[in-house]
Amino acid sequence: MMAALLLLALAALAAWLYFRPNRARVAPELALESWDVVADGLHNSNTDLIHFGGRFLLAHAASPYHMGSTSCRIVVRASPDARHFSEVAELRVPGEDIRDPKFAVIGGRLFLYVLPNKGFYALPYTTLYATSEDGEKWSELRPVSISGAPECGWLFWRPRSADGETWYVPAYWNAHGHSILLRSRDGAHWEFVSRIWDGEGNDETDFLWLPDGRMLATARLEVTPDRFPTHLGGALSRKRTSLFLVEPHRLVFLSDLPSAGDTSYAGVVLRDGALFASYYTSDPTRDWPWLLGMFLRSEIRMARVELASLAALADASG
């Protein structure tokens, strides 16, 4: 009798977690538009977005589930309007998982940086890159070259340039806990500049320039990285992709995007007075816990926000 009641309770809990409505907080004053661009039944994830050659280019991982898979591939899609995308290329690492694509246009060429991964936990171990003149025909993937730091274990995030000539990229160590800043003039050969942070399991690190020329970096602090049982509480919680105002000493929440379950890893393009953001999410009409979202389908979505509306919300929230 007790076993039957326990099974019934577990079934009721599972049904509630699966069917509960979404509680994302989307700020109405943004008049945010959001639409799906890839919803093919796969677990699509880890996006980046760029405008190159007169069109939007979207890169994302396509896999059976969130965890590592040798069938995972990076798909590149093109669109004239960020609404209707067609697949134009794919990149694979035979026998391994591949994800975390990042675009950059360096010296007039399009670069795509990716992280190959090993095992079910999808542990990245190095950075590879490919180049293209049009976003459709790509060179073979090859490892980046780094001087002044160990070559094999540094994992690139998003390259940025203030002048279009010298490029900087934050990179974190594959065992976590260390992040550094690198620079390059050609996108292939990088040199060590400085150490960003040590400790607290820090890994995925991004940065921007403040108006006074200083760099402001943000990082994910995993503390105990790649240990799934220690993250069980997080795995059962709701997840969101959100917009924040980034200030030197704090993050200010502005709005969620329509999102739930397994979600995040956005790419951003500022164009025609608007912010276009690609991201991935489980079914945004539901509010699955992250654990459920990791093993079910996820779609790639686009969001569009007028920059004036976003600035007004940031001013009001700051």
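Predicted model: local features only at pLDDT ≥ 70, side-chain atom pairs only at ≥ 80, totals over all residues.
Residues are numbered from 1 along each chain as its sequence is written, and side-chain values use heavy atoms, with hydrogens and water left out.

The largest nonpolar core has 20 residues; such a core is a set of buried Ala, Val, Leu, Ile, Met, Phe, Trp, Tyr and Cys residues joined through side-chain atoms within 4.5 Å. Buried denotes under 20% relative accessible area, exposed over 50%, and partly exposed the range in between, with a 1.4 Å probe and protein chains only. Leu57, Ile74, Val76, Phe103, Leu110, Leu112 and Trp138 touch the most other members of the core. Two or more residues each come from strands S2 (43–52), S3 (55–63), S4 (73–79), S5 (86–91), S6 (97–106), S7 (109–118) and S9. Strands (E, at least two residues) and helices (H or I, at least four) are DSSP runs numbered from the N terminus. A second, separate core of 17 residues includes Ala104, Val144, Trp167 and Ala188.

Strand S9 (residues 128–132) also holds Thr131, which is buried at a relative accessible area of 10%. Its side chain makes a polar contact of 3.5 Å with that of Arg109. A polar contact is a pair of N or O atoms within 3.5 Å; within protein, one must be able to donate a hydrogen and the other to accept it, and residues adjacent in sequence count only if both atoms are side-chain atoms. Beyond its neighbours within four places in sequence, Thr131 is in contact (heavy atoms within 4.5 Å) with residues including Leu110, Phe111 and Trp138.

The structure contains 18 aromatic pairs. Rings of Phe, Tyr and Trp (its six-membered ring) pair if their centres lie within 6.5 Å; planes under 30 degrees apart are stacked, over 60 edge-to-face, and the rest tilted. The ring centres of Trp157 and Tyr265 are 6.1 Å apart and their planes stand at 65°, so this pair is edge-to-face. Trp157 is buried, at 8% relative accessibility. The charged end of Lys102 sits over the ring of Trp157, 3.8 Å from its centre; this requires NZ of Lys or CZ of Arg within 6 Å of the ring centre and within 35 degrees of the ring normal. Elsewhere, ring pairs join Phe111, Tyr113, Tyr129, Phe156 and Trp190 into a cluster.

Arg20 lies over the face of Trp16, 5.1 Å from the ring centre. Arg20 belongs to the loop between helix H1 (2–19) and strand S1 (33–38) and is buried, with a relative accessible area of 6%. The side chain of Arg20 reaches the backbone oxygen of Asp287 at 2.4 Å. The C-alpha atoms of these two residues, 267 residues apart along the chain, are separated by 5.8 Å.

Helix H4 (residues 307–317) has Leu310, Leu313 and Ala314 as its buried residues. They cover an arc of only 100° around the axis, taken from the directions from the helix axis to the C-beta atoms, and therefore lie on the same side of H4. Ala308, Asp315 and Ala316 are exposed on the other side. The cover over the buried residues includes strands S19 (242–247), S20 (250–256), S22 (274–281) and S23 (299–306).
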